[in-house]
2 protein chains.
Amino acid sequence: MPASPSGHGTSRTRSWWGWGYADSHPDDAECVAMGALLPGTLARPLPIPRVADLAIARPGVTPPSSLAHLVTTDPEARAAHAMGKAYRDIIRALRGRPGRVPDLVARPTDDREVADLLDWAGGQGVAVIPFGGGSSVVGGVEYRGDTHRAVLSLDLTSMDRVLEIDTVSRSARVQAGALGPVLEEQVRPHGLTLRHFPQSFEFSTLGGWLATRAGGHYATGRTHIDDFVQSLRVVTPAGSSTSLRLPASGAGPSPDRLFLGSEGALGVITEAWMRLQERPRYKASASVAFADLPRALEAVRVIAQSDLSPANCRLLDPGEALLSGASQDGSSVLVLGFESATGRVDDRLANALELARAHGGRGGAPTANGGADSADHDAPADAAVNAWRSAFLRMPYLRDGLARMGAVVDTFETAATWDRIPALIDAVRTEVGSAALKATGHPATVNCRLTHVYPDGAAPYFTVAAAGRPGEELGIWDDIKAAASDVLHRHRATITHHHAVGRDHRPGYDLQRPEPFALALRAAKDALDPHHILNPGVLID
Amino acid sequence: MPASPSGHGTSRTRSWWGWGYADSHPDDAECVAMGALLPGTLARPLPIPRVADLAIARPGVTPPSSLAHLVTTDPEARAAHAMGKAYRDIIRALRGRPGRVPDLVARPTDDREVADLLDWAGGQGVAVIPFGGGSSVVGGVEYRGDTHRAVLSLDLTSMDRVLEIDTVSRSARVQAGALGPVLEEQVRPHGLTLRHFPQSFEFSTLGGWLATRAGGHYATGRTHIDDFVQSLRVVTPAGSSTSLRLPASGAGPSPDRLFLGSEGALGVITEAWMRLQERPRYKASASVAFADLPRALEAVRVIAQSDLSPANCRLLDPGEALLSGASQDGSSVLVLGFESATGRVDDRLANALELARAHGGRGGAPTANGGADSADHDAPADAAVNAWRSAFLRMPYLRDGLARMGAVVDTFETAATWDRIPALIDAVRTEVGSAALKATGHPATVNCRLTHVYPDGAAPYFTVAAAGRPGEELGIWDDIKAAASDVLHRHRATITHHHAVGRDHRPGYDLQRPEPFALALRAAKDALDPHHILNPGVLID
């Protein structure tokens, strides 16, 4: 039974400073209870920040009358568009120093208005930051620097309609500003789903997913949104680009692949034809415990290299398993799930369990409290799974609560080929744990789960938590981030599997990116954004 | 039982003017017999052309002594590197007018030598045409124009080794000049396969596949070589680009996707880490006949939209089915094949046959003479399938024989979403048939098969054959090609699904490509190839 998307269509207020809805934040008592789990945190939570307490400058620019109706200078709106939702952003808000607040927030309703806003901004030297759901955890939607006369946050969420549905080819033309639930609501009556369920599902948009190469479809194989794109429409300062809607093509380098992952630096993605799927009708899942993480990794690799194609195949290390309630005995836990719209999947689950047991896995009962890294609103109406899903969706709120208690909490993710995975996980645990201890003076927890697996590798996701030092959170965060970036680079793992580069990952990205590709990308930027107004500092200086 | 790759390691001589091996060409009697099938063709075949009869100019440039050992000016080598293997190329050879023959042919053995050759050519204004197996059917490996002082054909086939194998992650680092059989021979001892089997398998290289986004893996899903790339090494005039070897990443636009499909215009792909697969052990196949092509298309669509993932799912229209011996009664024939390295596939075949029968399919016995569009050297050792595979590999030789008889024979391929497929196939048949009749004065055969199918669309492959008019073949070919390009454009189908753009598809490609992407691509070209020496005229002017 599909759950109704939380809050869409309601009058619930989004938090300007923290994750999600303002009324979903943990209260002070909850914060204190969480803080007690991390010795050295504050006795009382930092107060929830208020926009009225921020020193927000008057807008440095006035839009022309022809565009005035699209633009607001309301302080609440400007503050809510000043940053994303990384730990770093939460701290800046809690400390009342959000950084550069945009002068203007524009909400265009069609491509023409987007183009007009870009034209005006280009002529005025105004930086334009495309903004979808604002859930970036990598500094992707803020302005840093001082080379632009003013900053305009381009909020696409007024462009949120599904414009066409082709049920024969199972695809839809969707405006980029549609939040996850808004998109799914419009395709559900046709029996279809995009089935893209990142943790930010409620608070991120199709355009944001495309611009950042989001992950979230499946735990194996085609998880990135890239693979579900038939065509893109992108408004650039040099003109609008509409690619031909195709199932596949071999005509030159893919135009769409240049804009996928371009993070707003080359143009504003305004709509896309997306591949949809029939809603799954058959599901089966189970969890398996492993006494030994290396053997669990072997089991996952063998399953990923089979042709069983689990929709879910998440491995939780002992710390993750403990926190999520999947295990209390120090085991690692593998959560397996299969689904299909056309036929039963029990056999595939049985085959996968057999492979897991051959590598030391124990158990295999239907999962009660799993580790699915997805906000899938169509998961079976199993009470325990629903409970876990709620917890998963609640995690970022809890992080904000811990931040209010002075804790340092960060997550980062990567991917590497299987030959490097065991040593990479060990090194991250050791080195990032040491860096966090050194930076905070407190012991740190470093947990790991595999969120996505491939025949040739896996994507480990790490969570670091420690008590911090009041007032020094950003420096501590920088030290931990630098240590993480360094260990990923030395182990030749990507700086990001699905969180994107933004501004926070630029140093690691610059090390990873081949220099000739950087030359080509800069040249493309010069050609498409000659005044360099689009999301300055992201990907390209 | 794996067949041994035909001819690799033997001393068989490649044809300088036609497909494949010189000793595989049909003899004059076979040509006459084939010509009899197309009324209006010549009574006797045109003679096989000889290099000695060509007016090959002396090289217009001399390489420096440091590079002289890599370079040949041998007329046979120069003639063999003057063109690809399109019908258009065969005619030009038969008429003794191959166009601009390269001044030099270089065979570098490592990246340093490739870079040195590019440096020298850039300084001298010498055009460089990267050359793999030379099997281009779109004018991808020749020089047209007169703005360069000389032309160097850069033959990569001396770089043909598998440099590393990672059996844990199932991947290999392979030099770009490895022909299909040469690559497979080196990974087979590890139980692995790249499993990329285009029709040109014996006569095309990994680098060529990557530079042209070749298709050939599977009939469904991930067929393009793109999806099997972990990382690329590309030597450009602006420096060498090596991407990080990863199973997946979300770090900015994919560097590899800019070079995939760049057709030698941005750099020379010299090696790649490729995803391999375990060799399949379980196979099952069957063919189904349909009285009605539209219902057959429906059946194929439903199967493509299931999660059954056939490795082979080729639909032959009545003409194709007749020619391939799959049917004599005017039926369309669907050939289904499943394979797995890990488990039996009979159930999946049974489920697919059930779907086919629900849409009017008849039969379903194990296939005797199918339509697999693949040169898979590991297909089961079934005599009929082997016979078909031989016929498939022989087709380009037969085309050359028909060309010697004055026939016009061309193939072209495309892809479109399912909603457009039936009308597209009808229109191509009608309009290209009319254009061929008008151009040749003879009735033309236009046959169609679906070589690849996707949940959201399909890739139709067309073959046009008619008697021509001696001496006017190229003009006739141009007229037919223009008609085909026009109908594809009007039906919003891609100008190529896997044959690439080259020079022959430039008009259709230019119509299809969004202008802002063209701007970005030209800017990237200027940055990476500032002297514009790399494959001039391909993709970008």
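**Burial, domains and local geometry in a predicted model**

D526(A) is partly exposed, with a relative accessible area of 41%. Here buried means under 20% relative accessible area, exposed means over 50%, and partly exposed lies in between (1.4 Å probe, protein chains only). D526(A) sits in helix α16 (residues 515-528) of chain A. Helices (H or I, at least four residues) and strands (E, at least two) are DSSP runs, numbered from the N terminus. The C-alpha atoms of D526(A) and A43(A) are 52 Å apart. Along the chain, 483 residues separate the two.

The model is predicted: local features need pLDDT of at least 70, side-chain atom pairs count only at pLDDT 80 or more, and totals for chains, interfaces and linings use all residues. Residues are numbered from 1 along each chain as its sequence is written, chains are lettered from A and ligands numbered from 1 in the order in which they are written, and side-chain values use heavy atoms, with hydrogens and water left out.

Chain A contains 16 helices and 19 strands. Along the principal axes, the C-alpha atoms of chain A fill a box of roughly 70 × 60 × 50 Å. Of the 541 residues in chain A, 64% are buried. Contact means heavy atoms within 4.5 Å. Among contacts in chain A between residues at least 6 apart in sequence, 73% join residues at least 24 apart.

The accessible surface of chain A is about 18400 Å². Carbon and sulfur atoms account for 53% of that surface. Areas come from the Shrake-Rupley method with a 1.4 Å probe; for residues, only the protein chains shown count as cover. Chain A carries 54 positive and 61 negative charges, whose mean positions are 1 Å apart. Lys and Arg count as positive and Asp and Glu as negative, while His and the chain ends are not counted. Each charge is placed at NZ of Lys, CZ of Arg, CG of Asp or CD of Glu.

Chain A is divided into domain 1 (162-278) and domain 2 (282-371). These bounds come from an automatic or database domain assignment. Taken over C-alpha atoms, the centres of domain 1 and domain 2 of chain A are 30 Å apart. Five residues of domain 1 of chain A contact eight residues of domain 2 of chain A.

In chain B, six of the eight residues of helix α5 (residues 180-187) are buried, so the helix is largely enclosed by the rest of the structure. The buried residues of α5(B) are G180(B), P181(B), V182(B), L183(B), E184(B) and V187(B). Their cover includes β5 (162-166), β6 (171-175), β7 (192-193) and α6 (206-212) of chain B. R170(B) lies in the loop between β5 and β6 of chain B. R170(B) counts as buried, at 12% relative accessibility. Its phi is near 50°, a positive value in a residue other than glycine. Most residues other than glycine have a negative phi.

A500(A) also has a positive phi, near 85°. This residue lies in the loop between α14 (473-490) and α15 (506-512) of chain A. A500(A) is buried, with a relative accessible area of 1%.

K438(A) lies in helix α13 (residues 421-440) of chain A. At 75% relative accessibility, K438(A) counts as exposed. K438(A) and D479(A) are 41 residues apart in sequence. Their C-alpha atoms are 9.1 Å apart in space.
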